[in-house]
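Have your viewer open and your selection tool ready. We will go from stop to stop, picking residues as we go.

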Amino acid sequence: MKKILRDTCILSALTVLAVFTVSIIWIGVTAEIKLVLELFALSFIISVVNFLLDEITSLPIWGSYILKYVVVTAIVMLFGFIAGWFFASNFWMAFIYVGIVFIAAYLLDAIKIKKDIEFINSRIKERT
């Protein structure tokens with residue numbers, strides 16, 4: 001299931017980029033295309049930062065989640081101010097957006113970890 005979900009996300013992203021590339025060539029950059037390209041750029045930045053945090057820190061899982069939430073929220077706020085998504089009066093929305101994504105990511109991660117534990121336990125039982 002994980003592979004299907006990953007492949008679906010990759011295929012969707014490539015499809016969106018291909019369609020937008022053709023649209024940019026024919027029409028130019030519209031507000032919608034600009035927003036999606038900004039989201040792709042933000043996602044790339046966040047992925048790199050998360051990778052670096054995993055490499056640099058060795059916190060327990062909850063500490064890692066909290067650190068990543070704070071850092072990603074700060075990145076989203078900064079990027080949002082630069083891109084004009086947030087204003088001083090509604091910066092708090094970054095906490096909500098990042099929180100929603102983190103909850104979904106946590107649930108997917110918890111399912112993955114549980115399946116990994118079950119797989120490792122089954123392998124151990126087979127050896128004994």
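This is a predicted model: local features need pLDDT of at least 70, side-chain atom pairs count only at pLDDT 80 or more; totals for chains, interfaces and linings use all residues.

**Stop one: the helix H4.** Select residues 93-127, which make up helix H4, with 35 residues. From its first C-alpha to its last, H4 reaches 51 Å, close to the 51 Å expected at 1.5 Å a residue.

**Stop two: the buried side.** Now pick Ala94, Val98, Gly99 and Phe102, which are buried residues in H4. What do they pack against?

**Stop three: the nonpolar patch.** Show the surface and select Ile61, Trp62, Ile103, Tyr106, Leu107, Ile113 and Ile117; together they make a nonpolar surface patch of about 670 Å². Both H3 and H4 supply at least two residues each, and the largest share, five residues, comes from H4.

**Stop four: Trp62.** Is Trp62 buried or exposed? Trp62 counts as exposed because its relative accessibility is 53%, and the cut-off for exposed is over 50%.

**Stop five: Arg123.** Return to helix H4 and select Arg123. With 46% relative accessibility, Arg123 counts as partly exposed. To finish, draw a distance from Arg123 to Ala110, C-alpha to C-alpha: the two are 13 residues apart in sequence and 20 Å apart in space.

Conventions. Residues are numbered from 1 along each chain as its sequence is written. Side-chain values use heavy atoms; hydrogens and water are left out. Helices (H or I, at least four residues) and strands (E, at least two) are DSSP runs, numbered from the N terminus. The expected span of a helix is 1.5 Å times one less than its number of residues. Buried means under 20% relative accessible area, exposed over 50%, partly exposed in between (1.4 Å probe, protein chains only). Patches are made of residues with over 30% relative accessible area and no salt bridge: like charges are joined within 9 Å, nonpolar side chains (Val, Leu, Ile, Met, Phe, Trp, Tyr) within 5 Å. Accessible areas come from the Shrake-Rupley method with a 1.4 Å probe; for residues, only the protein chains shown count as cover. A salt bridge is a side-chain nitrogen of Lys or Arg within 4 Å of a carboxyl oxygen of Asp or Glu.
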